[in-house]
Amino acid sequence: MSASDTPARKLRPATRLVHGGAMRSQFGETSEAMFLTQGFVYDSAEAAEARFKNLEPGFVYSRFSNPTVAMFEERMALLEGAEAARATASGMAAVTAAMMSLLRAGDHAVAARALFGSCLYIMEEWLPRFGVETTLVDGTDLDAWRAAMRPNTKVCLIESPTNPQLEILDIAAIAEITHRAGAKLVVDNVFATPLLQQPFDLGADLVVYSTTKHIDGQGRCLGGCILASKEIIDGSVHNVLRQTGPSLSPFNAWVMLKGLETLPLRVGQQNANAARVADALAALPGVARVLYPFRDDHPQAALARRQMSGGGTVVALELAGGKAAAFRFANALQVVKISNNLGDAKSLVTHPATTTHQRLTPEARAKMGISEGLLRLSVGLEDADDLIEDVTIAAKAARG
Ligand SMILES: *Cc1c(COP(=O)(O)O)cnc(C)c1O
């Protein structure tokens, strides 16, 4: 393998996403090679010893290092401007490993209540099982964050925009409160994508992704990534991943690596489509409310414009007629498919109250603003005019 032949000068993001991290084998392939191998052969027993003792660079075992996965990790780190990155088998593996690497029994962690369903489970059910106390707060209430900090608080976890109601959390302000308490801030940046929001610039210590979403972008593979300083990644994160093994398959890493090459084109177009669909939805009778971070009627539009460079690819809408109207709307869509994924080239609609958030009690859902009439629309790469026609027909059907 030879290292990247790209120039040493600082390249712009789109260029880094095409060339960053590329390593070529002796065959000089143009496209990054897929190394479907579990292990690696050493020239001698001495070489194996040196490799294991970390005295010479090289790969040892694909549970914790593989050339294709390494290329993906390097491209992610360049994209995010992070010192280092580690890939994982899924987004949840990234969130869980990040938390495990920072916490031990007796510690305390705080998160905004508006979390992706499984992240909420990790906070509420799973970490307490291992002796970590957790507190959930209203993420938009900075006084609640301040009040939640304890001497043993080690980690704060947030998502912004949140799922599914697209609330915007003030990342810089929460980072400051977190750091004053001597804790580390983990930002799950899936909804914003790495292109529309840079959490490290706002004070995050770790950034995690489900690369299943926009980074694959075509609904094929699961994957995840943790980004942070070299000290955190090569230390506790590497140790958790190496010993517990939620490794990204080289095949999935290869798909994600190629996905990164087209990420700016896809996210740019999906963001533009989402903004148009949001405006069209807001004008339709029967649609009580549209939530989209860059619309002026979003409660935190000013904050969204301060910390994001686009409103994102997801729109939330509230139908006046509750669950029955939401189901009629979803069932009448022809181009948009009913699915719980997001960030796909295909537009997808979800009814959170009966799917992703069905596990919660009605009171818990109400507290998170997830009503029976709420739908989450992940906007894809179709022609925006076809999507607008589709939601217009669906809104008519929803009115019964
Ligand atoms: C999808 C998602 C996850 C989990 O990712 P998987 O790849 O499905 O494990 C975590 N956080 C957010 C915000 C997500 O959208």
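A polar contact here is a pair of N or O atoms within 3.5 Å; within protein, one atom must be able to donate a hydrogen and the other to accept it, and residues adjacent in sequence count only if both atoms are side-chain atoms. An oxygen atom of the ligand sits 2.8 Å from a polar backbone atom of Met 92. Gly 91 also takes part, with a backbone N or O atom 2.8 Å from an oxygen atom of the ligand. From Lys 213 it is a side-chain N or O atom that lies 2.8 Å from a ligand oxygen. The ligand taken alone exposes 380 Å², and the protein buries 91% of that; accessible areas come from the Shrake-Rupley method with a 1.4 Å probe.

Before going on, the ground rules. This is a predicted model, in which local features need pLDDT of at least 70, side-chain atom pairs count only at pLDDT 80 or more, and totals for chains, interfaces and linings use all residues. Residues are numbered from 1 along each chain as its sequence is written, and side-chain values use heavy atoms, with hydrogens and water left out.

Back to the ligand. The residues around it, each with a heavy atom within 4 Å, include Ser 90, Phe 116, Glu 159, Asp 188 and Thr 212. By class, that shell has four nonpolar, five polar and three charged residues. Nonpolar covers Ala, Val, Leu, Ile, Met, Phe, Trp, Tyr, Cys and Pro; charged covers Asp, Glu, Lys and Arg; the others, Gly among them, are polar.

Next, the loop between strand S4 (153-159) and helix H7 (171-180), where Asp 170 lies. Helices (H or I, at least four residues) and strands (E, at least two) are DSSP runs, numbered from the N terminus. Pro 161 is in this loop, and a cis peptide bond joins Ser 160 to Pro 161, with omega about -5 degrees. Pro 164 is in the loop between S4 and H7 as well, and the bond from Asn 163 to Pro 164 is cis, omega again about -5 degrees. As for Asp 170, its side chain reaches the backbone nitrogen of Ala 173 at 3.2 Å. Leaving aside neighbours within four places in sequence, Asp 170 is in contact (heavy atoms within 4.5 Å) with Leu 303, Arg 306 and Gln 307.

Asn 54 is in the loop between helix H2 (45-52) and helix H3 (67-80). Although not a glycine, Asn 54 has a positive phi of about 65 degrees.
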